[in-house]
Amino acid sequence: MGIIGGRKGVISSVLRFFLIIAAVGYSFVMRLRALLYRLKVLRKTKLSCAVISVGNITAGGTGKTPAVIAIAEMLKREGRKTVVLSRGYKGKREKFGVSVVSDYDTVLLEPEEAGDEPIMLAENLKGVPVIISGNRIKGGELAVDEFNAEVVILDDGFHHLRLDRSLDIVLIDCLSPFSNRKVLPGGLLREPVSCLKRADIFLLTRTDQVPDEKKMFIYDFLKESYGSKPVVESVHKPSFLYRIGDKMKKELSFIEGRDVSIVSGIGNPQSFESTVKALGANIVGKYIYPDHYDYKKEDLDKICSENRTVITTQKDAVRLAGKAGENMWVLKIELKITVSG
């Protein structure tokens, strides 16, 4: 189904027609762009260090941020000097040039400046600097010059073809692996499915939230279309809860059998809801907002008015810090590899 669903009527039909036309044009441009880079008509820039891209082809949440954190932690354990490079989406400094969000130990920017995901990365990655830049080449050069990076992790970098990479990891959310196979604006694909041939590794996320038949369908599709490229399975595993205000931790059993409200402004709110349910909580209130939502005082007044335990995501916690009530808890999620390709 398209982004306007199966709605009927003249207006919906006309809108659907124009979306299809726009999607065809967008698809052509993306294919042409990829071809020009492949033919070296458009040149890529190579850094003096390894570059690992972590990205996807669908709009919305596939779990990139936990994946970037897991990969960065692995490289840090191996003793590699690693820097994460992000765009800084919806931060005031997105088009500012190059900004250091965190050095090895200290978060240097506010969420309004850097955006929610870079701050989430910075808070979770001690010993791994985080840089934001709309110009990934300049950001990568700073990572090498200022932090002597041996590896730069390019957050959400699959579509950023100007910067050459050593490894392209593409996340595929098992809950919605290829959307409706239509590109924006007629669907939710950021590039045609055929662009997956650029990937080096496929990382399946949320594999525990779908039946085996759906997972095998994804495997079969990838094998038939892209050969024997490695496929890695992962799950988003809850670790513990912590209160936004003072970071006090609680075991996951804290919400078992408890009436809770959930709050999320992320790309895949259904997955978050399923995770909270699986922990045994009784979800009696839902507050679902658009991705990267900027919470207002009236939102918080409504959320906290019912005087019950509120559970939110780490990404939302970045935007709720300093605004949340004392009964708002964050569910800490980590990406765990379950099957390596």
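Me: Is Leu-320 buried or exposed?

Reply: The model is a predicted one. Leu-320 has a relative accessible area of 0%, and because buried means under 20%, this residue counts as buried. Leu-320 belongs to helix α9, residues 314-320.

Me: Which residues does Leu-320 touch, leaving aside those up to four places away in sequence?

Reply: Leu-320 touches Ile-244, Tyr-295, Leu-300, Thr-312 and Met-328.

Me: How should I read the nonpolar cores, and how many residues does the largest have?

Reply: In soluble globular proteins, nonpolar side chains tend to be buried together. Here the largest nonpolar core has 28 residues, and Val-54, Val-84, Val-101, Leu-121, Leu-125, Ile-153 and Leu-203 have the most contacts inside it. Elements giving two or more residues to this core include β1 (50-55), α4 (116-124) and β5 (151-155). The largest share, 6 residues, comes from α2. A second, separate core of 20 residues includes Ile-57, Phe-158, Cys-174 and Leu-196.

Me: What does Ile-153 touch?

Reply: Not counting residues up to four places away in sequence, the contacts of Ile-153 include Ile-52, Val-54, Val-68, Ile-71, Ala-72, Leu-75 and Val-84.

Me: Which residues of α2 are buried?

Reply: An α-helix has 3.6 residues a turn, so residues three or four places apart point the same way. In α2, the buried residues are Lys-64, Thr-65, Pro-66, Ala-67, Val-68, Ile-69, Ile-71, Ala-72 and Leu-75. The helix α2 has 14 residues and reaches 20 Å from its first C-alpha to its last, close to the 20 Å expected. Just after α2, Gly-79 takes a positive phi of about 80°.

Me: How many aromatic pairs are there, and how is one described?

Reply: A pair of aromatic rings is described by the distance of the centres and the angle of the planes. The count comes to 9 aromatic pairs. Phe-202 and Tyr-226 form a tilted pair, 5.9 Å centre to centre with 45° between the planes. Phe-202 lies in strand β7 and Tyr-226 in helix α6, so the pair ties together parts that are 24 residues apart in sequence. Phe-202 is buried at 1% relative accessible area, and Tyr-226 is buried at 13%. The pair of Tyr-289 and Tyr-295 is edge-to-face, because the ring centres are 5.2 Å apart and the planes are at 75°.

Me: Where does the charged end of Lys-249 sit?

Reply: The charged end of Lys-249 sits over the ring of Phe-240, 4.5 Å from its centre. Likewise, the charged end of Lys-296 sits over the ring of Tyr-293, 5.3 Å from its centre.

Definitions and conventions. Residues numbered from 1 in each chain as written. Predicted model: local features only at pLDDT ≥ 70, side-chain atom pairs only at ≥ 80, totals over all residues. Heavy atoms only, no water. Core = buried A, V, L, I, M, F, W, Y, C linked by side-chain atoms within 4.5 Å. Buried < 20%, exposed > 50% of the residue type's maximum accessible area, 1.4 Å probe, protein only. Helix = DSSP H or I, 4+ residues; strand = E, 2+ residues; numbered from the N terminus. Contact = heavy atoms within 4.5 Å. Expected span 1.5 Å × (residues − 1). Phe/Tyr/Trp six-rings, centres within 6.5 Å; stacked < 30°, edge-to-face > 60°. Lys NZ or Arg CZ within 6 Å of the ring centre and 35° of its normal.
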